[in-house]
Amino acid sequence: MRCSSRIVLTLATAFTAMTAVAAPRLQAAEPTTGAVPRSAPASLAELKAQYRRPETIPFPKDNPYTVEKATLGKKLYFDTRLSAANLLSCAACHSPAYGWGDGQPRGIGHNMKQLGRRSPTIVNAAFGEIFMWDGRAGSLEEQALGPIRADVEMNLPIDQLLAKLKAIPEYQPLFKAAFPKDGMTPDNIAKAIATYERTVVSGRAPFDAWIEGDERAIPEEAKRGFVLFNNKGGCQNCHSGWNFTDDSFHDIGLSDADVGRGKFLPAIVKMQQAFKTPGLREITRRGPYMHDGSVATLEAVIEHYNTAGVERPSRSELIKPLALSAQEKADLVAFMKTLTSNMDPTTVPVLPR
Amino acid sequence: MKLMTVALVAAFVSGSVVAFAAEKTISQKGRAFSESAVTVKKGDTLTFVNDDNIAHNIMSSTAGNEFNLGSQAPGASSNVTLGNAGEVAVLCAIHPRMKMSVTVTD
């Protein structure tokens with residue numbers, strides 16, 4: 001199983017994309033699930049311990065990290081020739097300029113057509129359990145070729161992708177170095193892109209400094225917000241662990257008609273209009289919010305949860321009116337703002353010709 | 001005489017399956033399976049008990065041993081018998097971090 005096949009690599013070795021990160025104290029290859037025990041309220045120290053950054057990036061056993069794969073993967077990720085129109089790269093919708101999303105309510109695909117859902121960030125994808133808003137991809141490798149071949153996205157059938165890449169001489173040695181055995185294949189294109197994506201990890205944020213002991217790292221209202229997040233707000237029921245997600249599916253009562261996870265689990269009432277919980281790292285760079293991009297600001301996000309949205313059978317039992325005061329709402333927003341790091345600019349690679 | 005031997009062997013085999021079929025119970029408290037890996041024999045019964053406080057949806061899409069228990073409410077339990085030898089990946093389709101592996105032996 002994927003969980004037991006993970007290997008780890010130090011962040012210092014793997015980083016190609018983000019800011020350098022001072023070593024946190026906790027060694028953890030797996031993100032914690034981090035749910036607060038319901039029987040006894042956790043102390044502040046116990047709560048903080050649930051959100052410590054891992055020290056390593058997990059890579060799957062069947063696609064371990066190599067510099068060659070990550071280097072090739074980065075070039076592929078930023079290469080617009082992976083689309084039929086030579087205009088869209090992976091980075092078009094998952095751009096370092098927008099917290100590795102696109103800053104749009106919904107993605108824009110082939111022929112400038114608007115897609116059905118917001119482009120999710122790839123930040124911390126290495127730690128994900130399942131991919132896409134509806135969980136239809138079980139791994140990054142499985143996901144990587146999907147948008148390339150999708151006619152509404154990059155619109156490039158995989159045989160044509162191969163033909164295009166084979167006609168670019170400078171790609172050949174890169175594939176050979178990364179995959180000495182079989183070189184350029186669809187699987188290896190996916191493996192290289194997935195390897196690069198796993199190196200995109202959120203930087204150390206003020207929140208990390210605070211939970212490691214620096215009391216001046218975040219304002220008092222953010223500290224109150226963290227407690228609210230874990231208690232009255234109940235946010236941690238889903239946004240748990242250091243990456244603030246449970247990788248699970250919930251209907252949070254938004255008003256659009258998209259069935260989400262329900263497409264794959266039509267008989268499960270609670271999976272209708274359910275979407276995967278997004279992580280919250282780098283959150284201020286990633287608006288607008290929700291799977292449909294319908295909520296413009298973090299303040300409006302809190303307001304949505306405060307009123308609990310549309311009441312219907314599929315809505316998660318965890319979503320209920322919160323009766324937050326104006327101060328409490330402000331505190332929660334202040335807390336979320338501490339999850340964004342000062343990311344260094346990402347270098348755009350020179351592409352093979 | 002030969003026919004009788006065959007019949008006896010057949011009876012023994014089928015009898016042994018009945019005699020040794022076993023049960024194994026997996027619980028799901030705190031969004032986690034109580035075991036991450038178990039080994040069972042073909043024909044053994046795996047019982048998934050939902051002793052958590054939320055619904056789960058246990059399933060496997062491993063070829064030859066696919067099953068889907070659907071929505072399992074807190075307090076409910078369901079049985080699964082796996083018919084083919086091999087490694088079976090089991091997960092909760094609602095909470096995919098809940099996963100375990102079942103090794104089915106002949």
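Two strands are taken to pair if DSSP finds at least two bridges between them, and the close-up views of strands below rest on that rule. The model shown here is predicted.

**Figure 1. Overview of chain B, a chain with one helix and eight strands.** When contacts in chain B between residues at least 6 apart in sequence are considered, 44% of them join residues at least 24 apart.

**Figure 2. The three-stranded sheet of chain B, with B:Thr47 opposite B:Asn79.** This open sheet has the strand order β1-β3-β6, and its pairing is mixed. Strands β1 (23-27) and β6 (77-81) of chain B each have a single partner strand and stand at the edges, so one side of each is left without a neighbour in the sheet. On average, and with direction ignored, neighbouring strands of this sheet are turned by 25 degrees against each other. Strand β3 (residues 45-49) of chain B is joined to β6(B) in the antiparallel sense over five bridges, and within these two strands B:Thr47 stands opposite B:Asn79, the latter belonging to β6(B). Strands of a sheet pair through backbone hydrogen bonds, in either a parallel or an antiparallel manner.

**Figure 3. The five-stranded sheet of chain B, with B:Met59 opposite B:Leu91.** In this open sheet the strands follow the order β2-β8-β7-β4-β5, again with mixed pairing. The edges are held by β2 (37-41) and β5 (67-68) of chain B, each of which has a single partner strand, so one side of each is left without a neighbour in the sheet. Strand β4 (residues 58-60) of chain B and strand β7 (residues 86-92) of chain B pair in the antiparallel sense over two bridges, and here B:Met59 stands opposite B:Leu91 in β7(B).

**Figure 4. The contact between chain A and chain B.** Chain B gives 13 residues to this contact and chain A gives 15 residues. On the side of chain B that touches chain A, the residues divide into five nonpolar, five polar and three charged.

**Figure 5. The two domains of chain A and the contact between them.** Chain A holds 13 helices and four strands, and 45% of its 353 residues count as buried. Among contacts in chain A between residues at least 6 apart in sequence, 72% join residues at least 24 apart. The domain assignment divides chain A into domain 1, made of 26-56 + 203-337, and domain 2, made of 67-198. The centres of domain 1 and domain 2 of chain A, taken over C-alpha atoms, are separated by 28 Å. Their contact draws 23 residues from domain 1 of chain A and 21 residues from domain 2 of chain A, and the side of domain 1 that touches domain 2 consists of seven nonpolar, six polar and ten charged residues.

**Figure 6. Packing of helix α3 (residues 67-77) against helix α9 (residues 186-198) in chain A.** The two helices pack at an angle of about 95 degrees, and their axes are 7 Å apart. Because angles of 65 to 115 degrees count as roughly perpendicular, α3(A) is roughly perpendicular to α9(A). On the side of α3(A), the contact is made by A:Lys69, A:Ala70, A:Leu72, A:Gly73, A:Lys74, A:Leu76 and A:Tyr77, and α9(A) supplies A:Ile189, A:Lys191, A:Ala192, A:Ile193, A:Thr195 and A:Tyr196. By class, the residues of this contact of α3(A) with α9(A) divide into eight nonpolar, two polar and three charged.

Figure 7. Most residues other than glycine have a negative phi, and most peptide bonds are trans. A:Met290 is buried, with 21 other C-beta atoms within 10 Å.

Note on methods. Residues numbered from 1 in each chain as written. Chains lettered and ligands numbered in written order. Predicted model: local features only at pLDDT ≥ 70, side-chain atom pairs only at ≥ 80, totals over all residues. Contact = placed C-beta atoms within 7 Å. Axes fitted to C-alpha atoms, helices over the stretch in contact; angles between N-to-C directions. Parallel < 35°, antiparallel > 145°, perpendicular 65-115°, else oblique. Nonpolar A, V, L, I, M, F, W, Y, C, P; charged D, E, K, R; others polar. Domains from an automatic or database assignment. Buried ≥ 20, exposed ≤ 12 C-beta atoms within 10 Å, placed from the backbone.
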